[in-house]
Amino acid sequence: MLAAMPDSNAPAPSTILLVEDDLAIAETIAYPLRAEGYAVEHHLLGGGVAGRVRAGGIDLVLLDVGLPDIGGFEVCRQLRAFSALPVVFLTARSEEIDRVLCLELGADDYIAKPFSPRELVARVRARLRRHQAAQEGAAGDGATVRHGRFEHDPPARRIRFDGASLDLTRYEYALLAELLRRPGAILSRAQLLDRAWEDAPDSGERTVDTHVKTLRAKLRRVDADADPIRTHRGIGYSLDAG
Ligand code: CA
């Protein structure tokens, strides 16, 4: 089988350790991840997971809560004793564990079954990017300002969304930077034109709409369901930084 080519925003191929005792479910999880270019290593039991992670080469752990031997929560506890690797729980709806419990246990996220392959891939990708960004940020120069899912590095004129660097044109960058100054505040087209197109006074308000459209498309490449730029009909735009 040929693996699909990762898109230009995809990280370098990462290895996901999938711990799931139900073979049918494991297959529905592994297939879309492999199609995205990830390597998937499947374990049926929780007992060997800590040892496997210790051995290296794993980038993220997808952990079923209901395992027949030691259970996902205990596996997570073992991992957190020595590793900051992203851990995402897979839960059955009937288990109804909440986000607070997951976070207390040191997990990064959880996904309730049944889930769509697209949702799964998007969540895994976002977790991997945040982890990579956190590692890069730890070595960075401190110029980056975080606003929810966005990270803005003004000296470098660079904005990241869920850890993914956005490839923005000059005016897309200026527009998004203006919206990021005050997340939630509504800015009219005229205000945005004034501030982001100050050196291009002949631009019209349609220019703002056009750039919002291309910006949205670039954000959707990172997360297909994301739409953080809100349209306020007849007024203007605001940003929900998430
Ligand atoms: Ca199970």
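## Terms and model

Two strands count as paired if DSSP finds at least two bridges between them. Strands (E, at least two residues) and helices (H or I, at least four) are DSSP runs, numbered from the N terminus.

The model is predicted: local features need pLDDT of at least 70, side-chain atom pairs count only at pLDDT 80 or more, and totals for chains, interfaces and linings use all residues. Residues are numbered from 1 along each chain as its sequence is written, and side-chain values use heavy atoms, with hydrogens and water left out.

## Parallel sheet

Strand β1 (residues 15-19) runs parallel to strand β3 (residues 60-64), and 4 bridges join them. Leu18 stands opposite Leu62 in β3.

These strands belong to an open sheet of 5 strands with parallel pairing, in the order β2-β1-β3-β4-β5. At its edges are β2 (39-43) and β5 (109-113), each of which pairs on one side only. From one strand to the next the twist averages 20 degrees.

## Helices on the parallel sheet

Helix α1 (residues 23-35) lies across β1, β2, β3, β4 (87-92) and β5, and runs at about 165 degrees to β2. Helix α3 (residues 72-80) also packs on the sheet, where it touches β3 and β4; its direction makes about 175 degrees with that of β4. Contact means heavy atoms within 4.5 Å. Axes are lines fitted to C-alpha atoms, for helices over the stretch in contact, and angles run from 0 to 180 degrees between N-to-C directions.

## Antiparallel sheet

Another open sheet has 4 strands in the order β6-β7-β8-β9, with antiparallel pairing. β6 (145-147) and β9 (164-165) each have a single partner strand, so one side of each is left without a neighbour in the sheet.

Strand β8 (residues 158-161) pairs with β9 over 2 bridges in the antiparallel sense. Arg160 stands opposite Ser165 in β9.
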